[in-house]
Amino acid sequence: MTLERKEQGPPPDRMTKTQEMVYELTVGEVMPPTMVTVAPGQTMAELRVLLRDNRLSGTPVVENGKLVGMISIEDLINALTDNAINAPIRERMKTKVECLYADELLVHCIAKFSKFGYRRYPVLNRNNELVGIVTKGSIVEGLLKKLEVEYEQSESKAALTRQRPTMRKFFEDVTADEISFAFKYNIAGQTLKDAGKAASELKNALKKLGVCPPLLRRIGVATYEAEINLASYTKGGVIRAQVEKWGVTVEAIDTGPGIPDVEKALQPGFSTAPDWVRELGFGAGMGLVNMNKCADEMNLRSSVPEGTHLTMQFYYTS
Amino acid sequence: MKLREIISLLHAEVLAGEDLINGIDVDRCYSADLMSDVLGRSHANGILITGITNPQAIRTADIADIQAVCVVRGKQPEAEAVALAKQKDLPLFITKMGMFEACGILYTNGLRGVAERQ
């Protein structure tokens, strides 16, 4: 099985960063700290002044601390057309309101924007009290702020390690018909005692070679899972890593007993783990799934009883 | 949330990395007994709460760049796990609270979970 990167257009690392952020940030985190509200008893004329002075296009309607509706500039225009500028807001507001919770992830919030098409959503806490309002503008602002913070952090980190060449730079600077670094780790089978040591050592070595932290993490996690599999299910084997100009290849090769049904082994949650593996916190049937997610490409070949050969490839992103 | 604050909220006892605790500030929490569930999540600035007492809990945290490990239900981590935590400069502490209670307290105080890796 071969998996290819499907991303197109913007640089893949930038893409992933923003995508990660919408899964990390909550609505509450991007919501502006203050908001303007109106009472249902106020008139549409008063609303006009309020919208103008605060440069708003809509606002929540609140009575006794509770959200009772939303009123927008569109409602104001309709009121003007109907000659109802002195009508109370209560009569002109929308009472069927879609809300968001402050602890909801931004990704849900964005989905709601495209589903309902409203321009703003009131934000509630879990006691259903109104705590703020969120617009597309606040999402963009929140993401930009977070990007800025992370950019500054990575800049200051970069300044600290400026003298250290990255892997890619190194390969640009040296010339040979073929250049690579090879690492080999022997993994004992049927014991988890030292499992993870090879992954940890490899991660350290790649760090010294200047591989960037997000890629280090992906390689570390995938190698660790591969190592756990060798230690849990096989008679033992080797982990090989090859660092080249374009990226890193990690292979896990064992001497048996092999996987009878590779398709099945790749299904999330499928596991043949014995109890001793489960007691140690593994064997949930997520190892290969995790490796697949971490690697840019993964290939699994297995035959019974000869053994299994897993190949994963990781591309440099910076 | 400051790691020091978490330790005091959980009435935890520090077994490794005492000198690192004041410099760590986290906002996320991984809680799992299955290490693959931890490895399957995206990266976040967080701690790991677990019932696993063997060195694999420390290995997992180290590989996934997690900032600290807390073992629940008063279980004593294996000596090898404590030694590994010290070697990896990873704060390790234990609390008598159960997983549910510990996570509940941290959630109430502002820590949040970690999204699945995409």
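Predicted model: local features only at pLDDT ≥ 70, side-chain atom pairs only at ≥ 80, totals over all residues.
Which residue with a positive phi follows α9(A)? The residue is G210(A), with a phi near 95°.

## Helix α9 of chain A

Helix α9 of chain A runs over residues 197–208 and has 12 residues. From its first C-alpha to its last the helix reaches 17 Å, which is close to the 16 Å expected at 1.5 Å a residue. Several of its residues are buried: A198(A), A199(A), S200(A), L202(A), K203(A), A205(A) and L206(A). An α-helix has 3.6 residues a turn, so residues three or four places apart point the same way.

What do the buried residues of α9(A) pack against? Within chain A, they pack against β6 (181–188), α10 (213–233), β7 (236–243) and β8 (247–254). They also pack against α3 of chain B, a helix that spans residues 55–63. One of the buried residues, K203(A), is also part of a salt-bridge network with R217(A) and D65(B).

## The contact between chain A and chain B

How many residues does each chain bring to the contact? Chain B gives 26 residues and chain A gives 30 residues. Between them the two chains bury about 2,500 Å², with 50% of it on carbon and sulfur atoms. Three residues, Q56(B), I63(B) and R117(B), supply 26% of the area that chain B buries against chain A, which is more than any other three residues supply.

Polar contact across the interface comes to 18 residue pairs, both members being at pLDDT 80 or more. On the side of chain B that touches chain A, α2 (35–39) and α3 (55–63) each supply at least two residues. Of the elements there, α3(B) gives the most, with five residues. By type, the residues on this side of chain B are eight nonpolar, seven polar and 11 charged.

Charged side chains also pair across the interface: there are four salt bridges between chain B and chain A. In one salt bridge, E29(A) is joined to R28(B), and the closest N and O atoms are 4.0 Å apart.

## Salt bridges in the model

Over all chains, the count comes to 16 salt bridges.

| Residue | Partner | N to O distance |
|---|---|---|
| R52(A) | D53(A) | 3.1 Å |
| R126(A) | D103(A) | 2.9 Å |
| E116(B) | R41(B) | 3.4 Å |
| E29(A) | R28(B) | 4.0 Å |

R52(A) and D53(A) are both exposed.

R126(A) is exposed because its relative accessible area of 54% is over 50%. D103(A) has 23% relative accessibility and therefore counts as partly exposed.

In chain B, the salt bridge of E116(B) and R41(B) has an N to O distance of 3.4 Å. The pair links parts of the chain 75 residues apart: E116(B) is in the segment after α5 (99–108), and R41(B) is in the loop between α2 and β3 (46–50). E116(B) counts as partly exposed at 35% relative accessibility, and R41(B) counts as partly exposed at 30%.

## Two residues of chain B

Is N54(B) buried or exposed? N54(B) counts as buried because its relative accessibility is 5%, and the cut-off for buried is under 20%. This residue lies in the loop between β3 and α3 of chain B. Apart from its neighbours within four places in sequence, N54(B) is in contact with L280(A), E78(B) and A81(B). A polar atom of the N54(B) side chain lies 3.5 Å from the backbone oxygen of L280(A).

F100(B) has its place in helix α5 of chain B. With a relative accessibility of 77%, F100(B) counts as exposed. F100(B) and L39(B) are 61 residues apart along the chain, and their C-alpha atoms are separated by 21 Å.

Terms used: Residues numbered from 1 in each chain as written. Chains lettered and ligands numbered in written order. Heavy atoms only, no water. Contact = heavy atoms within 4.5 Å. Buried area = accessible area lost by both parts, 1.4 Å probe. Polar contact = N/O pair within 3.5 Å; in protein donor to acceptor, adjacent residues only side chain to side chain. Helix = DSSP H or I, 4+ residues; strand = E, 2+ residues; numbered from the N terminus. Nonpolar A, V, L, I, M, F, W, Y, C, P; charged D, E, K, R; others polar. Buried < 20%, exposed > 50% of the residue type's maximum accessible area, 1.4 Å probe, protein only. Expected span 1.5 Å × (residues − 1).
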